[in-house]
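Please keep the sequence and the structure in view while I talk.

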Amino acid sequence: MGRQVIVAELPKCDFCSSKAAYDGKTRFGTWANMCEYHFVQHGIGLGTGKGQRLVLDEKQKTLTRRGGD
Ligand SMILES: [Zn+2]
């Protein structure tokens with residue numbers, strides 16, 4: 001659907017230890033979380049069936065940060 005998705009926390013890149021900036025399909029046919037660098041290396045682009053940019057929602061992060069349960 002959209003080309004970007006708002007997330008409360010960025011997952012790790014599946015190819016390195018950086019934080020992922022994209023969730024998308026790779027040239028290998030599988031889906032992966034990818035940082036900027038690896039998205040350029042392995043990603044096939046943005047859009048439906050291809051990939052989405054992960055956008056960190058700072059507001060949501062603050063809201064969900066509660067002390068204890
Ligand atoms: Zn990476």
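What you see is a predicted model, in which local features need pLDDT of at least 70, side-chain atom pairs count only at pLDDT 80 or more, and totals for chains, interfaces and linings use all residues. Residues are numbered from 1 along each chain as its sequence is written.

Let me start with the elements. The chain has 2 helices and 4 strands, and, read from the N terminus, the order of these elements is β-β-β-α-β-α. Here helices (H or I, at least four residues) and strands (E, at least two) are DSSP runs, numbered from the N terminus.

Now to the sheet. As a reminder, strands of a sheet pair through backbone hydrogen bonds, either parallel or antiparallel; for this model, two strands are taken as paired if DSSP finds at least two bridges between them. In what order do the 4 strands lie in the open sheet? The order is β1-β4-β2-β3, and the pairing is mixed. Because β1 (4-7) and β3 stand at the edges with a single partner strand each, one side of each has no neighbour in the sheet. On average, and ignoring direction, neighbouring strands of this sheet are turned by 25° against each other, where the axes are lines fitted to C-alpha atoms, for helices over the stretch in contact, and angles run from 0 to 180 degrees between N-to-C directions.

Going through the pairs, β1 and β4 run parallel and are joined by 4 bridges; within this pair, V5 stands opposite L54, and V7 has L56 as its bridge partner. Strand β4 (residues 51-56) also pairs with β2, in the antiparallel sense and over 3 bridges, with R53 as the bridge partner of Y22 and G51 standing opposite G24. On its other pairing, β2 (residues 22-25) runs antiparallel to β3 (residues 31-34), with 4 bridges between them, and there A32 is the bridge partner of G24. These two strands, β2 and β3, form a hairpin with 5 residues between them, and in the turn G29 has a positive phi of about 95°.

I turn next to burial. A residue counts as buried if 20 or more other C-beta atoms lie within 10 Å of its own, as exposed if 12 or fewer do, and as partly exposed in between, with C-beta atoms placed from the backbone. By that rule, buried residues make up 17% of the 69 residues in the chain. In soluble globular proteins, nonpolar side chains tend to be buried together. Which residues make up the largest nonpolar core? There are 8 residues in all, namely C13, A20, Y22, A32, M34, C35, F39 and L54, a nonpolar core being a set of buried Ala, Val, Leu, Ile, Met, Phe, Trp, Tyr and Cys residues joined through C-beta atoms within 7 Å.

M34 counts as buried because it has 27 C-beta neighbours inside 10 Å. Residues up to four places away in sequence aside, the contacts of M34 (C-beta atoms, placed from the backbone, within 7 Å) include C13, A20, Y22 and F39. M34 and K12 are 22 residues apart along the chain, and their C-alpha atoms are separated by 7.5 Å.

Is L54 buried or exposed? L54 is buried, because 22 other C-beta atoms lie within 10 Å. With neighbours within four places in sequence left aside, L54 is in contact with V5, V7, L10, A20, A21, Y22 and D23.

For comparison, V7 lies in strand β1 and is partly exposed, with 16 other C-beta atoms within 10 Å. Beyond four places in sequence, V7 is in contact with L54, V55, L56 and D57.

Finally, for the chain as a whole, 44% of the contacts between residues at least 6 apart in sequence join residues at least 24 apart.

Terms used
Two residues are in contact if their C-beta atoms, placed from the backbone, lie within 7 Å.
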